[in-house]
Amino acid sequence: MARPPKWRHVEFIPDITYFKPAGVPLRQLDEVVLTVEELEALRLKDLEGLEQEPCAERMNISRPTFVRIINSARTKVAEALVQGKAIRIEGGTYQFVRPLKCWDCGNEWSQPQDETNKECPKCHSTNWAPKRMQRGRCHGHNRQDIPD
């Protein structure tokens, strides 16, 4: 009997979960389903530019498992782009985690959102807060708003 999959840690849940080619009615499209952990692997590796080992650590999985997930995600996205399919993001085996930062020692760690650990694992301070994630390019500014 196969071992059940390990819960993958995910720090980002998308607000938009469906993408389709413009100008093609939805009823005429085939879909590719991208799991939430596949999207997280793409975000960590391709958007944040991390190496495989740090990506795997942040997702709480082995490096070979990360490679399988990222390869699957890239294949699905390529299939959707080349063959004109819609992409639906849903499902998977994941647990949402919050990135946290200690204001006293600067330690950063992640913890599942439903855990209620109230202190920094390094210095045991209670002076910590969720780490802010950067979104998009130029940190939310439109290009025309940025002076030359």
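Start with helix α1, residues 36–47: in this predicted model, α1 lies across β3 and β4, and its direction runs at about 75 degrees to β3. Helix α3 packs on the sheet too, touching β3 and β4, but here the angle with the direction of β3 is about 155 degrees.

Now look at the sheet itself. Three strands make up this open sheet, in the order β2-β4-β3, with mixed pairing. At the edges sit β2 (18–19) and β3 (31–34), each of which pairs on one side only. If you follow β3 along to β4 (residues 86–89), you'll find four bridges joining the two, and these strands run parallel. To pick out one spot, find Glu31: its bridge partner in β4 is Ala86.

Back to α3, which spans residues 63–83 and includes Thr65. Is Thr65 buried or exposed? Its relative accessibility is 14%, and buried means under 20%, so Thr65 counts as buried. Its side chain also has a polar contact, at 2.9 Å, with the side chain of Ser62.

Zooming out, the protein chain has three helices and seven strands. Reading from the N terminus, they come as β-β-β-α-α-α-β-β-β-β. The chain has 148 residues, and 30% of them count as buried.

Conventions. Residues numbered from 1 in each chain as written. Predicted model: local features only at pLDDT ≥ 70, side-chain atom pairs only at ≥ 80, totals over all residues. Heavy atoms only, no water. Buried < 20%, exposed > 50% of the residue type's maximum accessible area, 1.4 Å probe, protein only. Polar contact = N/O pair within 3.5 Å; in protein donor to acceptor, adjacent residues only side chain to side chain. Pairing = 2+ DSSP bridges. Contact = heavy atoms within 4.5 Å. Axes fitted to C-alpha atoms, helices over the stretch in contact; angles between N-to-C directions.
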